[in-house]
Amino acid sequence: MVSFHAFSFHLLHKNLPSSSSPTLISLFAVRSLCHRAVASTLPAPSESPTQSLVRKVCSSVLRSLYEQARPPSSSPKLDFARLAGVEIESLTHDEAITVVASLAHEAGSMAALSFLNWATGFSKFRHFMRLYIVSASSLIANGNLERAHQVMQSMVRNFAEIGRLKEAVSMVIEMQNQGFSPSTNLLNCILRTACEIGSVEYAEHVFEEMSQRGVPPDSRSFKSMVIGYCRVGLVSEADKWMSRMVERRFLVDHPTCTLVISKFCEKGSVSRALWFLYRMMEMGFQPNIINFTSLVHGLCKRGSINQAFEMLEEMVRRGWKPNVYTHTAMIDGLCKKGWTEKAFRLFLKLVRSDNYKPNVWTYTCMIAGYCKEDKLNRAEMLLSRMKEQGLIPNVHTYTALIDGHTKAGCFARAYELMDVMNMMITQQGLNMIFCAAAYNSIVDGLLKRGRVKEGYKLLREAIGRGLQPDKVTYTILISASCKQGEGDIGLVYFCKMIKLGVQADIRSYNTLIAAFCKRKEMKESERLFEETLSLGLAPTKETYTSMICGYCRDRDVNSAIRFFRRMMSDDRRRGCEPDSIAFGALISGLCKDSKLEEAHQLYDTMIDKGLSPCEVTRLTLAYEYCKRGDSAAAVIALERLEERKLWIRTVNTLVRKLCSEGKVGIAFLFFNKLLDKDPNANRVTLAAFLTACYENNKYALASSLSERIHNKGKGSVTSQA
């Protein structure tokens with residue numbers, strides 16, 4: 001027979017007392033069997049070559065099991081195929097199936113699994129599905145369901161390596177139709193594998209189908225879905241799965257909690273991260289210091305400093321002592337808020353601490369904060385102290401200093417720091433990509449100060465050193481070209497960026513859209529706008545405002561209204577609510593188009609939203625009403641201004657403009673209203689009014705106003721503009 005000795009081993013194992021250990025079985029029962037197996041590797045006269053090869057492989061499996069059962073120091077693990085004189089190339093797929101089935105039937109599950117694990121280590125058998133199916137079926141026949149599930153998990157993982165996950169999962173489901181019962185562990189393996197390769201939606205499909213087929217999901221199943229959606233950045237979907245976890249009172253582990261908090265905060269959903277943490281805590285979850293620190297970092301990044309301090313207090317109440325990473329997150333948040341003095345007090349607390357000391361990142365946050373406020377001497381002082389403490393500044397430290405000196409116009413010091421950073425990068429063997437931000441900062445500063453040739457020269461030198469321009473670099477070049485009135489050159493840079501595979505972001509598009517809108521090339525602007533949508537980029541407040549201003553400038557108010565309404569109803573926006581600039585642009589456009597009622601309605605909406613109209617908007621609406629002869633409507637519009645100073649300044653400007661147009665009668669009306677609120681007449685406004693009266697022969701109006709101003713105790717003349 002093909003595997004007589006394997007069958008003998010199976011019978012011997014079966015007849016031994018249950019108290020016999022596996023090692024005893026291997027050492028005493030298998031020894032003689034393996035010695036006889038050496039002779040059995042010689043082909044019998046009646047055996048075919050296939051039967052002979054299968055016999056050799058089966059014998060090698062048994063011998064390998066015997067060798068592995070020896071004490072670990074006696075001999076290394078043997079390659080049983082080579083031991084039997086068998087090359088892997090000579091073993092066919094059908095022969096491999098015969099071996100695994102024979103071993104499972106006659107020598108037991110462990111022998112079959114040993115061969116399967118060895119065979120799937122070679123590419124020839126690793127993705128051969130029938131081998132897994134026969135192995136699992138043989139193990140099921142032996143009653144070893146746990147090992148059968150392990151085989152299917154191995155198949156799922158190995159097939160996912162070559163993009164055939166769906167094929168493997170389909171086979172699992174097909175085997176279920178044939179009586180195989182997938183376990184929760186197998187479901188979790190599929191979900192975890194699908195999420196690891198980014199197929200989260202497919203993982204959700206498998207989750208629902210397997211649940212309908214009676215495979216009960218556990219907390220790990222839901223955790224896999226939450227992790228999967230967090231990793232691909234779809235926090236809204238992760239939120240749904242977290243809610244389902246909470247409904248079933250499933251807890252997460254600490255790493256998952258940290259991931260959820262970090263991703264939600266990164267996407268701006270800090271409130272939901274807080275909700276999730278508090279609900280988990282209500283169910284018995286005990287957050288650790290890393291969980292709290294992640295939330296503190298997220299709150300600081302959002303600018304919610306007070307909430308971050310409250311979270312620190314919660315940490316302390318629960319027995320956790322904030323560490324250097326927690327304090328660094330707070331320092332970073334305070335600096336970005338512009339509260340560097342408060343940040344420095346917290347920094348000094350770390351310096352004086354016996355347990356924690358500021359690290360490189362702590363110093364870098366403080367240095368960046370001081371550079372942002374143009375306190376370069378303090379930043380340089382911290383750099384020196386940092387080195388004294390034995391801390392080595394990193395690329396981010398130097399980049400913050402270079403950016404600060406560049407914005408202050410200190411290019412000589414910026415170049416010095418750049419040289420030091422380049423030397424450090426060379427010594428550490430780092431890629432030039434790490435200093436891209438520093439080069440971008442200097443180039444941007446040079447171009448903004450008109451040192452265009454120097455900026456381009458520096459960029460060429462950086463490229464010569466191996467720097468690859470990124471989207472920030474191209475956005476700087478596009479912006480500089482557009483500001484110089486060379487939008488076409490900016491478009492060339494944009495096309496080059498796309499051609500080189502650098503993904504443009506919304507800022508790059510905003511720069512180009514604004515440039516073409518200023519040139520009234522609205523077809524090109526709208527084409528670029530639609531292109532952002534097709535790429536999945538969310539238009540920002542600046543994108544919409546540019547389009548609205550452009551159409552108003554082009555006297556196409558209907559299109560401007562269309563984009564304004566689109567901006568108001570865009571569900572994907574975040575922080576894209578129209579501001580005073582967008583409102584003001586559309587109000588001015590409506591006024592120029594003689595649509596004063598619509599402009600006034602929009603003006604009221606703007607004020608109701610708590611936005612303050614700029615002086616141009618206030619003046620434009622009031623002046624257009626005055627041109628129409630409807631001074632009452634102009635008065636009503638200006639009365640909506642709550643700040644007295646704004647009203648006075650606007651009416652002063654309006655009176656001067658009316659006087660310059662020869663509309664002395666209406667100017668007289670507003671001048672009197674101005675004196676009602678402020679008896680101190682503005683010298684410039686008064687001079688403009690008197691001049692207009694004399695030029696238009698309105699001597700009576702000039703006399704009347706002069707009399708009121710100079711009437712005893714009524715007022716005086718000021719020189720305020």
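In which loop is Ser-594 found?

Analyst: Ser-594 is found in the loop between helix 33 (580-592) and helix 34 (596-608). Before we go on, remember that this is a predicted model, in which local features need pLDDT of at least 70 and side-chain atom pairs count only at pLDDT 80 or more, while totals for chains, interfaces and linings use all residues. Residues are numbered from 1 along each chain as its sequence is written, and side-chain values use heavy atoms, with hydrogens and water left out. By helix I mean a DSSP run of H or I with at least four residues, and by strand a DSSP run of E with at least two, both numbered from the N terminus.

Ser-594 isn't a glycine, yet its phi is positive, at about 60°. Ser-594 is also exposed, with a relative accessible area of 54%. Here exposed means over 50% relative accessible area, buried means under 20%, and partly exposed is anything in between, using a 1.4 Å probe and protein chains only.

Two packed helices are described by the angle between their axes and the distance between the axes. The axes of helix 33 and helix 34 come within 8 Å and cross at roughly 165°. Those axes are lines fitted to C-alpha atoms over the stretch in contact, and the angles run from 0 to 180 degrees between N-to-C directions. Helix 33 and helix 34 are therefore roughly antiparallel to each other; the cut-offs are under 35 degrees for roughly parallel, over 145 for roughly antiparallel, 65 to 115 for roughly perpendicular, and oblique for the rest. Their crossing is left-handed, which is the word used if the near helix is turned anticlockwise from the far one by less than a right angle (clockwise would be right-handed). Who touches whom? On the helix 33 side you'll find Ser-580, Phe-583, Leu-586, Ile-587, Leu-590 and Cys-591, and they meet Leu-596, Glu-598, Ala-599, Leu-602, Tyr-603, Thr-605 and Met-606 in helix 34. A contact here means heavy atoms within 4.5 Å.

Asn-697 sits between helix 39 (683-695) and helix 40 (699-710). Asn-697 is a residue other than glycine, and its phi is positive, near 60°. At 55% relative accessibility, Asn-697 counts as exposed.

Next, another helix pair. Helix 20 and helix 21 pack at an angle of about 160°, with their axes 10 Å apart. That pair is therefore roughly antiparallel, and its crossing is left-handed. The contact is made by Thr-340, Glu-341, Ala-343, Phe-344, Phe-347 and Leu-350 of helix 20 and by Thr-362, Tyr-363, Met-366, Gly-369 and Tyr-370 of helix 21.

Stay with helix 20 (residues 340-351) for a moment. Its twelve residues reach 16 Å from first C-alpha to last, close to the expected 16 Å at 1.5 Å a residue; the expected span is 1.5 Å times one less than the number of residues. Buried in helix 20 are Thr-340, Ala-343, Phe-344, Leu-346, Phe-347, Leu-350 and Val-351. Seen down the axis, these buried residues fall within an arc of 160°, so they line one face of helix 20. (The arc is taken from the directions running from the helix axis to the C-beta atoms.) The face turned away from the buried side carries the exposed residues Arg-345 and Lys-349. Among the elements covering the buried residues of helix 20 are helix 19 (324-336), helix 21 (360-372) and helix 22 (376-388).

That brings us to helix 22. Its buried residues are Leu-376, Ala-379, Glu-380, Leu-382, Leu-383 and Met-386. They cover an arc of only 155° around the axis, which puts them on the same side of helix 22. Exposed on the other side are Asn-377 and Glu-388. The buried residues of helix 22 pack against helix 20, helix 21, helix 23 (395-407) and helix 24 (411-428). After helix 22 comes Gly-390, with a positive phi near 85°.

Finally, zoom out. The chain has 40 helices and two strands. Of its 721 residues, 49% count as buried.
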